[in-house]
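Please look through the model before reading my notes.

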Amino acid sequence: MFCFQCQETAKGMGCTIKGVCGKEASTSNYQDLLLGVVRGVATIDRAIRKTGAQSVAGVDSYFVDALFACITNANFDDASILNRVDKGIALKKQLLAIAKEHNVELPDYHEIVWGGEKADYEAQSRKESVLRNENEDLRSLKELIVLGLKGMAAYYEHAGRLGYTDTTITDFMGDALALIANPDAPMDQLLNCVLDTGKWGVTAMALLDKANSTTYGHPEITKVNIGVGKNPGILISGHDLHDIEELLKQTEGTGVDVYTHGEMLPAHYYPELKKYKHLVGNYGNAWWKQKEEFSTFNGPIVFTTNCIVPPSANANYKDRVFTMNSTGFPGWKHIEADANGHKDFSEVIAIAKTCEAPTEIETGEIVGGFAHNQVFALADKIVDAVKSGAIRKFVVMGGCDGRMRSRDYYTEFAQQLPHDVVILTSGCAKFKYNKLNLGDINGIPRVLDAGQCNDSYTWAVVALKLKEIFGAADINDLPLAFNIAWYEQKAVIVLLALLSLGVKNIHIGPTLPAFVSPGVLKVLVEQFGLGGITTVEEDLKRMIG
Ligand code: FSO
Ligand code: SF4
């Protein structure tokens, strides 16, 4: 195996024996195989479509799901990955038949030529490894693209589940997959594609923003309980709002409460979700603390997306965890959607009824719901505070949380920020400072949480609005700094999206990605001023002044 897609990769270079995340070498290899199949399918599909011929239906949703299943901590189940490989090979055969019928010329990439025999899976997976590209700069650009596509796929899938699709996004994804399949893809074309990935990332985030806020109302300022009630509960994790809505509907009146974990916290901010009285609160913190927090929760847990941490051998919750969508874990039950996209939670609810109420691990409330609509409602107040000097600067600190101790940096950075600086956050990174009680400035909380990592879109929209209000020539002239924490591939698409909007001098940490080669880093530094982090003191001087 070779995997270097996340921030916690072994030695900051790559996992080669087993993932730090817990991913087995076999799973990693099958994911490489799956991505090879995905590249092959997308390349043939695009070639057919470009001739004007009718291609096979469902190619887009196939590669979106497959890309999502290869995100860090999403799917640890070999059988589930291999199912997708089999599905892709069947699709490829259909596509090849159409290509033949219409005399579509196809390149001779191994992704296309390979016949898909089961006996070859092991050998072929090695051919599809990240290391198939020997030139490290080419490899780096191709990985930046595919990792960005994984994040984009996740956001696109959530939007799609709410009925929002946009084939221009999936057309781009198909073209980008075909480009990275090309062993001779030129460097400049790849670099342009990296930037285009960011551009389409903005479109995908905007689509999801529209899907979420049209379906569930615009997020609004909300106090979220972090304590517990007396009823048994179901804990729901991940990012999918359609799934939590279905769970809320099916648990209503059953005596079973619903709690959010990690990235599902922002569900509480949406009017059409917060209206459910039995949506009691947010239990625990970011994804990486789940082993402790799931064991005291006492009830069943459902994963709508990543981030899964493999349980300890003696974990008391092992028999009451359910996965859905692109996620999977060997031995855990998987809830499939029916033909209409509905999921049946009756088994989860039945188990919950036999469980104790959650054990209290915290008490109190946290405040969030500052997505763009809510921020714009406060615009006058915010602009006045900036003009009067009460607010000196904003610092976007969104992204991911993770288990490395070096991430304490973000807690300390937040604590040591001057009191006239406001943190704009989104994603699970917020758990590093959302319980610090950092106070407010003229009634504006010093930590404004827009929502999930995809809601980083809010900060792009807000920055553009501030630019307009203050008549700034450039987004980079605003009193705005970016100190972003990353972990997995959704953070990659967020970063590429910000770059595509022209944001400069973004700091990412706690370490720079292993998949960015020195040569590509040089370009990113020269063109965008991208940088890492140093010490809290030094960075406060650099970013805040
Ligand atoms: Fe966090 Fe995990 Fe949302 Fe990620 S829960 S780390 S960037 O999946 O997606 O912020
Ligand atoms: Fe390693 Fe991260 Fe890949 Fe897991 S996802 S195998 S921790 S690089």
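How far apart do the C-alpha centres of domain 1 and domain 2 lie?

1. They lie 30 Å apart. The protein is divided into domain 1 (1-132), domain 2 (222-353) and domain 3 (372-543). Domain bounds come from an automatic or database domain assignment.

2. This is a predicted model: local features need pLDDT of at least 70, side-chain atom pairs count only at pLDDT 80 or more, and totals for chains, interfaces and linings use all residues. Residues are numbered from 1 along each chain as its sequence is written, while chains are lettered from A and ligands numbered from 1 in the order in which they are written. The protein averages a pLDDT (the predictor's confidence in each residue, from 0 to 100) of 97.

3. In domain 1, 12 residues are in contact with 11 residues of domain 2. Contact means C-beta atoms, placed from the backbone, within 7 Å.

4. Helix α8 covers residues 187-216. Helices are DSSP runs (H or I, at least four residues), numbered from the N terminus. Just after α8, Gly-217 takes a positive phi of about 85°.

5. Ligand 1 has 15 residues around it, and Cys-307, Cys-400, Gly-427, Cys-428 and Cys-453 come nearest. A residue is near if its C-beta atom, placed from the backbone, lies within 6 Å. Domain 2 and domain 3 both give residues to this shell, so ligand 1 lies between them.

6. Ligand 2 is surrounded by 13 residues, and the closest are Cys-3, Cys-6, Cys-15, Gly-19 and Cys-21.

Note on methods. Helices (H or I, at least four residues) and strands (E, at least two) are DSSP runs, numbered from the N terminus. The expected span of a helix is 1.5 Å times one less than its number of residues. Two residues are in contact if their C-beta atoms, placed from the backbone, lie within 7 Å.
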